[in-house]
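Student: I would like a close look at a single part of this structure. Please take the elements one after another and connect them in one account.

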Amino acid sequence: MNFRKTFFVAAFCAAVVFSQARGEAEEKKLFEIKIPLEKGAAVVVTTPDGAEREVGRVNALPTATRWPSYTASAWGLPGTVCASAVNAIHMLVSVEGGKGRTMSVIPQETIAPAAGAGASVIISPKAGESLFGAWAPPVGALVLVEKPDKTAAPLAADNLPKPGDALLITADEFGGTPYMIDIENRPGGRVVAWRRGGCELLARVIRPLGGTGRFEGTLFQRAGAIRANHCGVIDVSTSPRGAVGGFQIIPWDHALKSKEMQNVWTMTQWLVVGAADGRSMMGGSAPLFKNGLVSGPAYGERLWDVWSTYGRKSLVLARYGNGKWRRMKEAAGRGDDALKDITEFRIYYPFTEEIQKIN
């Protein structure tokens with residue numbers, strides 16, 4: 001980045017101060033997902049206009065929960081979605097002994113090791129579509145258990161769904177979510193969130209990205225799109241649907257404390273970010289690891305209007321050698337130097353109305 005742009009971004013961000021409270025400001029309900037705990041029952045989405053759409057069928061019910069679940073699940077809020085991906089939705093039941101207990105919703109045909117044996121509602125849509133595409137709920141979405149008498153309470157260890165109950169997941173649009181984030185791919189590089197009123201320095205790059213890896217779920221997502229978001233990762237596909245390849249952006253606390261992430265420091269497939277103040281934990285924090293990113297509609301999927309269909313499609317652009325913004329080049333498999341020429345990333349956040357109407 002040249003000096004003029006560096007000075008402009010630094011000055012502009014310094015002039016506008018955004019609090020974490022604003023990042024989690026008032027919410028707008030987008031749609032509600034109802035998943036009956038009954039084999040063969042219809043999975044239904046209720047849209048903003050009150051219309052109902054069938055988006056799949058229940059094929060199998062959970063017989064257990066998973067504990068301990070993956071490390072970053074414990075950074076979520078019990079009774080909410082803690083991961084949203086093209087191949088799974090993970091919901092946090094509780095945190096016990098510092099470890100998350102989860103229950104999942106997965107498509108019939110998928111690769112989702114984090115779900116755990118028997119701990120999932122299995123539904124009929126393909127991976128990357130329906131609840132794993134157009135109707136994907138964001139991390140932080142509220143999960144309720146509805147009883148046959150229509151009373152409902154948050155998912156919890158003492159309130160697990162039983163046959164005859166239903167899971168209700170509310171997909172909200174969270175206030176204060178940026179319209180895009182820029183990440184400078186260099187040590188100390190800025191992670192800047194852009195909003196209508198200005199920008200915020202969210203974080204700094206601790207370890208830049210250099211390559212691609214075989215992250216299995218990328219099999220179900222197109223290149224340059226979000227494969228998964230959870231409390232400790234943004235997973236981006238660099239391969240076309242049907243091929244495996246991508247990279248991950250993770251918070252420094254995940255890289256330091258999670259046993260499964262220790263390869264981060266010797267490999268090139270992860271970009272590690274740390275809080276701008278050099279001290280704060282980032283796992284489970286908005287807008288990078290909560291309240292925003294979704295995999296978005298697959299080709300051919302439609303939401304309730306053209307702006308929602310267009311705006312919820314995930315998009316990641318890149319600059320190669322400080323050049324112009326462009327779509328990411330496709331790169332499948334493991335390539336330790338496949339992304340070494342990228343100098344900056346841009347991640348667009350989902351929106352559901354015309355840009356000029358967004359506050």
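Which elements make a right-handed β-α-β unit with strand E17?

Tutor: In this predicted model, strand E16 (residues 246-251), helix H3 (residues 252-257) and strand E17 together form a β-α-β unit of right-handed sense. The two strands of the unit, E16 and E17, are paired in parallel over four bridges. Within that pairing, Pro 251 lies opposite Val 273 of E17.

Strand E17 also pairs with strand E13 (residues 198-207), here in the antiparallel sense and again over four bridges. In this second pairing, Arg 207 has Val 272 of E17 as its bridge partner. As for burial, six of the six residues of E17 (residues 270-275) are buried, so the strand is largely enclosed by the rest of the structure.

Ile 206 belongs to E13 and is partly exposed, its relative accessible area being 41%. Together with Leu 256 and Trp 265, Ile 206 forms a nonpolar surface patch, and the three residues share about 270 Å² of accessible area.

A last point concerns the cysteines. The number of disulfides is zero. The sulfur of Cys 82 has its closest cysteine sulfur in Cys 231, at 6.0 Å, which is too far for a bond, because a disulfide requires the two sulfur atoms to be within 2.5 Å. Cys 231 is accordingly in no disulfide. Both residues are buried: Cys 82 has a relative accessible area of 0%, and Cys 231 has a relative accessibility of 2%.

Technical notes: Residues are numbered from 1 along each chain as its sequence is written. This is a predicted model: local features need pLDDT of at least 70, side-chain atom pairs count only at pLDDT 80 or more; totals for chains, interfaces and linings use all residues. Side-chain values use heavy atoms; hydrogens and water are left out. Buried means under 20% relative accessible area, exposed over 50%, partly exposed in between (1.4 Å probe, protein chains only). Two strands pair if DSSP finds at least two bridges between them. A crossover is right-handed if, with the strands pointing away from the viewer, the path from the first strand over the helix to the second runs clockwise. Patches are made of residues with over 30% relative accessible area and no salt bridge: like charges are joined within 9 Å, nonpolar side chains (Val, Leu, Ile, Met, Phe, Trp, Tyr) within 5 Å. Accessible areas come from the Shrake-Rupley method with a 1.4 Å probe; for residues, only the protein chains shown count as cover. A salt bridge is a side-chain nitrogen of Lys or Arg within 4 Å of a carboxyl oxygen of Asp or Glu.
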